[in-house]
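Here are my notes on this model. Please read them with the coordinates open.

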Amino acid sequence: MSDHLLADSGSSKTDWVWLNQGKVAARFQSAGLNPYFLSPDRISEEIRKAMPAGFDGSLPESVSFFGSGCSSPDRQAEVREALRAVFPYAEVAVDSDLLGAARALFGGRPGLAAILGT
């Protein structure tokens with residue numbers, strides 16, 4: 001995929017990176033988007049508020065969201081709903097922040113990762 005949006009979300013902040021043709025095209029930050037504390041509508045609202053000028057929801061072909069509170073299928077579905085409201089044309093994947101940390105550290109190799117929250 002040529003346009004990919006990655007998110008690393010905790011309860012206090014979310015770091016976003018937009019990759020275009022494998023290169024960083026934009027970075028931005030939003031509020032933390034933990035589905036235990038925010039509704040899908042509120043998550044969508046926070047994302048829209050944080051998007052940089054000139055960036056809109058039709059740009060990314062895929063969105064990968066790794067967040068705290070996203071380990072259960074029910075919470076993943078809530079975040080997926082919120083992301084699809086903002087990025088209607090993107091393939092959306094939602095998983096836990098622990099998986100995101102493990103992939104960042106180890107790629108496809110086996111390993112052990114731990115997260116110390118703020």
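1. Start at Trp16, which is found in strand β2. Keep in mind throughout that the model is predicted. Trp16 is buried, and its relative accessible area is 1%. That value is under the 20% cut-off, which is why the residue counts as buried.

2. How many aromatic pairs does a search of the whole structure find? The count is six. One of them joins Trp16 and Phe28. The two rings are stacked, with 5.6 Å from centre to centre and 5 degrees between the planes. The planes are under 30 degrees apart, so the label "stacked" applies. This pair links distant parts of the chain. Trp16 sits in β2 (residues 13–20), Phe28 sits in β3 (residues 23–31), and 12 residues separate them. Both Trp16 and Phe28 are buried.

3. Trp16 has a further ring partner, Phe65. Here the centres are 6.2 Å apart and the planes make an angle of 55 degrees, a tilted pair. Phe65 lies in strand β4 (residues 62–67) and Trp16 in strand β2, so this pair ties together parts 49 residues apart in sequence. Is Phe65 buried or exposed? Phe65 counts as buried, at 1% relative accessibility.

4. Which residues do ring pairs link into a cluster? They are Trp16, Trp18, Phe28, Phe55, Phe65 and Phe87. Trp16, Phe28 and Phe65 from the points above are among them.

5. A separate item concerns Arg75 and Tyr36. The charged end of Arg75 sits over the Tyr36 ring, 4.1 Å from the ring centre.

6. Next, the helices. Helix α1 covers residues 40–50 and helix α2 covers residues 73–86. They pack with their axes 8 Å apart, at an angle of about 45 degrees. That angle makes α1 oblique to α2. The crossing of the two helices, α1 and α2, is right-handed.

7. Which residues of α1 meet α2? On the α1 side they are Pro40, Ile43, Ser44, Ile47 and Arg48. On the α2 side the contacts come from Glu78, Val79, Glu81, Ala82, Leu83, Ala85 and Val86.

8. One last distance to check. Trp16 and Ser71 are 55 residues apart in sequence. In space, their C-alpha atoms are 19 Å apart.

Conventions
Residues numbered from 1 in each chain as written. Predicted model: local features only at pLDDT ≥ 70, side-chain atom pairs only at ≥ 80, totals over all residues. Heavy atoms only, no water. Phe/Tyr/Trp six-rings, centres within 6.5 Å; stacked < 30°, edge-to-face > 60°. Helix = DSSP H or I, 4+ residues; strand = E, 2+ residues; numbered from the N terminus. Buried < 20%, exposed > 50% of the residue type's maximum accessible area, 1.4 Å probe, protein only. Lys NZ or Arg CZ within 6 Å of the ring centre and 35° of its normal. Axes fitted to C-alpha atoms, helices over the stretch in contact; angles between N-to-C directions. Parallel < 35°, antiparallel > 145°, perpendicular 65-115°, else oblique. Left-handed = near helix turned anticlockwise from the far one by under 90°. Contact = heavy atoms within 4.5 Å.
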